[in-house]
Structure formats: structure tokens, C-alpha cells
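Dear colleague,

I am handing over the structure below, and my notes on it follow directly after.

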Amino acid sequence: MRIVFISLVSAFFVSGCASITNDAYVPMAVSFSDGSNGECSITNKRMAITEKIPGNIMVRRSDDNLLFTCETDDGRKATTNTPSELGAKIVASAVFLDFGIVDAITDKHRNYPASFVIPVRAK
């Protein structure tokens with residue numbers, strides 16, 4: 001009887017939901033390489049925003065690249081992207097019985113860099 005009880009309790013703890021509790025959005029400091037000001041259209045499959053640069057923006061986590069289409073105040077254009085990376089918590093999620101499926105659907109296991117510099121041609 002004791003072995004059955006211990007087995008049931010162990011199964012209860014191992015089969016719990018392993019979803020990551022990360023925020024859907026991450027902060028990112030963005031600037032131009034020459035220090036100029038401007039505006040960027042920032043997109044991935046989960047968001048599309050336009051923001052003033054330099055600045056701190058909230059970026060929606062996604063498994064695809066974060067695309068920047070920018071224009072400085074003096075009219076120079078720049079286009080670049082930054083990839084997302086796997087967070088370390090996905091490994092913990094995969095250890096439990098959901099195998100990371102919940103987190104793969106929501107992309108909350110992905111991260112973008114905390115700061116990003118957009119390369120701009122010199123004047």
C-alpha cells in the first residue's frame with residue numbers, strides 16, 4: 001500500500017503542467033549605429049509596431065526573426081533583423097510530460113537580445 005501511495009504522489013508531481021511563466025513581451029533597447037534619431041517599423045509573426053529610435057521597446061516573443069525597417073530623421077534608410085534564441089527554461093519544460101508543447105505554441109520560451117544596434121550608413 002505504501003509503494004502505491006508513493007507512486008501516485010510521484011506521478012502527481014511529475015505530470016504537472018510545465019508551461020513557462022515568462023511574459024509574452026521582452027524589453028529591448030534599440031539604437032542606430034551612428035547615434036542618430038529616427039523611426040522603425042518592427043515586425044515578427046506575432047506583432048507589428050512603429051517606434052521612435054533610440055528607445056526602449058517591448059517586443060513580443062516569437063520563434064522567427066525580428067525585422068527592422070528604419071529611416072533616420074535625415075532620410076537614410078536601414079533594414080536589418082535579429083534572430084530569437086531558445087531560452088534555458090525550455091529544457092525544464094521538456095523534462096516534464098508536456099515535452100515543451102505548450103511553450104512551443106505560445107513562443108514564451110524564445111528570447112531576443114536585451115539591446116540591439118541597427119547599422120546605418122554614414123552621412
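A residue is called buried here under 20% relative accessible area, exposed over 50% and partly exposed in between (1.4 Å probe, protein chains only). The model is a predicted one, in which local features need pLDDT of at least 70 and side-chain atom pairs count only at pLDDT 80 or more, while totals for chains, interfaces and linings use all residues. Residues are numbered from 1 along each chain as its sequence is written, and side-chain values use heavy atoms, with hydrogens and water left out.

There is one disulfide in the structure, the term standing for a pair of cysteine sulfur atoms within 2.5 Å. It joins Cys 40 to Cys 70, with 2.0 Å from S to S, and because the torsion about the S-S bond is about 110°, the disulfide is right-handed. Cys 40 lies in strand E2 (residues 38-44) and Cys 70 in strand E5, 30 residues apart, where strands (E, at least two residues) and helices (H or I, at least four) are DSSP runs numbered from the N terminus. Cys 40 is buried at a relative accessible area of 1%, and Cys 70, at 5%, counts as buried too.

The structure also holds one aromatic pair, meaning rings of Phe, Tyr and Trp (its six-membered ring) with centres within 6.5 Å, stacked if the planes are under 30 degrees apart, edge-to-face over 60 and tilted for the rest. Phe 68 and Phe 116 form this pair, which is stacked at 5.1 Å centre to centre with 20° between the planes. Phe 68 is in strand E5 (residues 66-72) and Phe 116 in strand E9 (residues 115-118), so the pair ties together parts 48 residues apart in sequence.

Best regards
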